[in-house]
Amino acid sequence: MIPSLVSGAGASAALLVVLFGSFLDLLDAPIVTVAAPAIARDLGAGTAQIQWMIAAYVLALGAGLITGGRLGDQYGRKRLFMTGLGGFMLTSALCALAAGPGVLIGMRAVQGLAAGIMVPQVFGIIRASFAPGERAKAFGAYGAVQGLASVAGPLLGGLLVDADLFGLGWRTIFWINVPVSVLALVLGAKVLPESRSASTARLDLRGALLAASGVLLLLLPVIQTETWGWSTAGYALLAAGIVVLALFLVHERRLTGRGGEPVFDPALLRIRAFAIGLGASVLFFGGLGAFFLTLSVYLQAGTGRTAWETGLVILPYAFGSIVTSGLGVALAAKAGRALLITGSLTIAASQSVLWTVVRDGDDPGYWSLALALLLGGLGLGLAAPVLVGVVLAGVPGRNAGAAGGVLSTVNQIGSAIGIAVLGTVFFTAVTESATGAPGLADYGHALGVVLVVSAVLHVVAALVMLALPRAAAGDADR
């Protein structure tokens, strides 16, 4: 790696810039989820299009993560961070100008790809900017930004939608990204250090395209079920997705055999802890993927709450995760697996409690919702921050970087699968339950179905996690 350590104010300024970029990405999911019902009403979007507004971003982000880190290694992390941030800013403006759901979904996909290019550079830039002894504080600041985004997202999304600034309504959730991005670009041009890897391996673009195409082919018929139904074409798309993913594995194996650097080394699957960790990650994030989207639709379309009131209901979940995330990180090196299992079971318990709140078809009060969500947040804070560390504890240090990149991508894919499957389950249940226009009881029944499935997924995830390493990997192990 080209050395580029900076000192004092320069390092702090560089950290500020990358935290700006990270905050925008981390803010995206909660802010758009809260605004989704308003967007759907304004643009006349169908249920499948609501799911694609979220899933397109998440899926493209995962695809970008596959290649973003490698591009930064080859062409310079500052250059790729600035490129990704500029793309994120431009696509945010185009999302705000979207005149129809199709355009918005397309721009969301490009926005996610831009974020996927930007995000992997953050950790490389932090390492290039800070001496080893100072990096812990810098990564701690990144963790604090994660917590801030989780709190700010639901509130800011609800506030901007209900405030209807300049008559723009939901469009302000995208416009707000533009001035923040401009500020970060101006500062970044001056203070970010440039660094890159000494490796000259070619980018595995074919592998990245095969992986993204295969996952897309699998998700497309699932999300479109309510519109298309299950027809021969739908099953053909699923079969095509499986074939493309098989070709992806064949290509990666051949590339590895020729001495190249694939986006995914199939040999990693022979590492038991890593293979099990991928399965646990898909279950864990798949169970969460559609939870907030379906909850937001239930609260707004079902109970009649505003976007701002919806943000206030979801807020305890964010607070709960902040309360326990520090404890999770502190104990990860001693009891990482126990934290994962406890966290996943706590989320399942939270969803079970919430099921009892919504199943009777009445409008639940704030505190009955908030307490159930607080419990879920406590579980998420215990599990999510340590999942990667525990899974990577079973991976040799020489493979940790590649395995970490694959795991981060799988987390996003798991979330996209959850949005596709559970989102479809929710909207199908609403339609099948309603005898006319859907009412509160119909939305409550549909959310209850999602909660039961999600709780089961988290219980199964906890069982799978029993086979993971006991503790998270420490810096010395890497």
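## Basis

The model is predicted, so local features need pLDDT of at least 70 and side-chain atom pairs count only at pLDDT 80 or more, while totals for chains, interfaces and linings use all residues. Residues are numbered from 1 along each chain as its sequence is written, and side-chain values use heavy atoms, with hydrogens and water left out.

Helices are DSSP runs (H or I, at least four residues), numbered from the N terminus. Contact means heavy atoms within 4.5 Å. Residue classes are as follows: Ala, Val, Leu, Ile, Met, Phe, Trp, Tyr, Cys and Pro are nonpolar; Asp, Glu, Lys and Arg are charged; the others, Gly among them, are polar.

## Helix α11 against α14

Helix α11 spans residues 272-289 and helix α14 spans residues 366-392. Their axes come within 10 Å and cross at roughly 155°. Axes here are lines fitted to C-alpha atoms, for helices over the stretch in contact, with angles from 0 to 180 degrees between N-to-C directions. α11 is therefore roughly antiparallel to α14 (an angle over 145 degrees). The crossing is left-handed (the near helix is turned anticlockwise from the far one by less than a right angle).

From α11, the contact uses Ala273, Phe274, Gly277, Ser281, Phe284, Phe285 and Leu288. They meet Leu380, Ala383, Ala384, Leu387 and Val391 in α14. This contact has 10 nonpolar residues, 2 polar and no charged.

## Helix α11 against α16

The axes of α11 and helix α16 (residues 440-465) come within 8 Å. They cross at roughly 160°, which means that α11 is roughly antiparallel to α16. This crossing is left-handed.

On the α11 side, Ile276, Ala280, Leu283, Phe284, Gly286, Gly287 and Leu288 make the contact. On the α16 side stand Ser454, Leu457, His458, Val460, Ala461, Val464 and Met465. The classes come to 10 nonpolar, 4 polar and no charged residues.

## Second largest pocket

A pocket is an open set of points on a 1 Å grid over the protein atoms alone, with protein on both sides within 12 Å along at least five of seven lines; lining residues have an atom within 4 Å of a point. The second largest pocket holds about 410 Å³. Volume is the space filled by probe spheres set on the points, which are joined across faces, edges and corners.

Its lining counts 19 residues. Leu59, Ala60, Ala63, Leu113 and Ala212 lie nearest the centre. α2 (47-75), α4 (101-129) and α8 (205-223) each supply at least two lining residues. The largest share, 7 residues, comes from α2. By class, the lining has 17 nonpolar, 2 polar and no charged residues.

## Largest cavity

A cavity is a set of grid points where a 1.4 Å probe fits but cannot get out. The count comes to 1 cavity of 30 Å³ or more. The largest cavity has a volume of about 50 Å³.

Leu24, Leu27, Asp28, Ile31, Val32, Phe88, Gln111, Ile173, Phe174 and Asn177 line it. α1 (8-43) and α6 (172-175) are the elements that give two or more of these residues. α1 gives the most, with 5 residues. The lining divides into 7 nonpolar, 2 polar and 1 charged.

## Leucine 237

Leucine 237 lies in helix α10 (residues 232-257). Not counting residues up to four places away in sequence, leucine 237 touches Leu217, Leu220, Pro221 and Trp228. Glycine 167 is 70 residues apart from leucine 237 along the chain, and their C-alpha atoms are separated by 41 Å.

Conventions. Angles under 35 degrees count as roughly parallel, over 145 as roughly antiparallel, 65 to 115 as roughly perpendicular and the rest as oblique.
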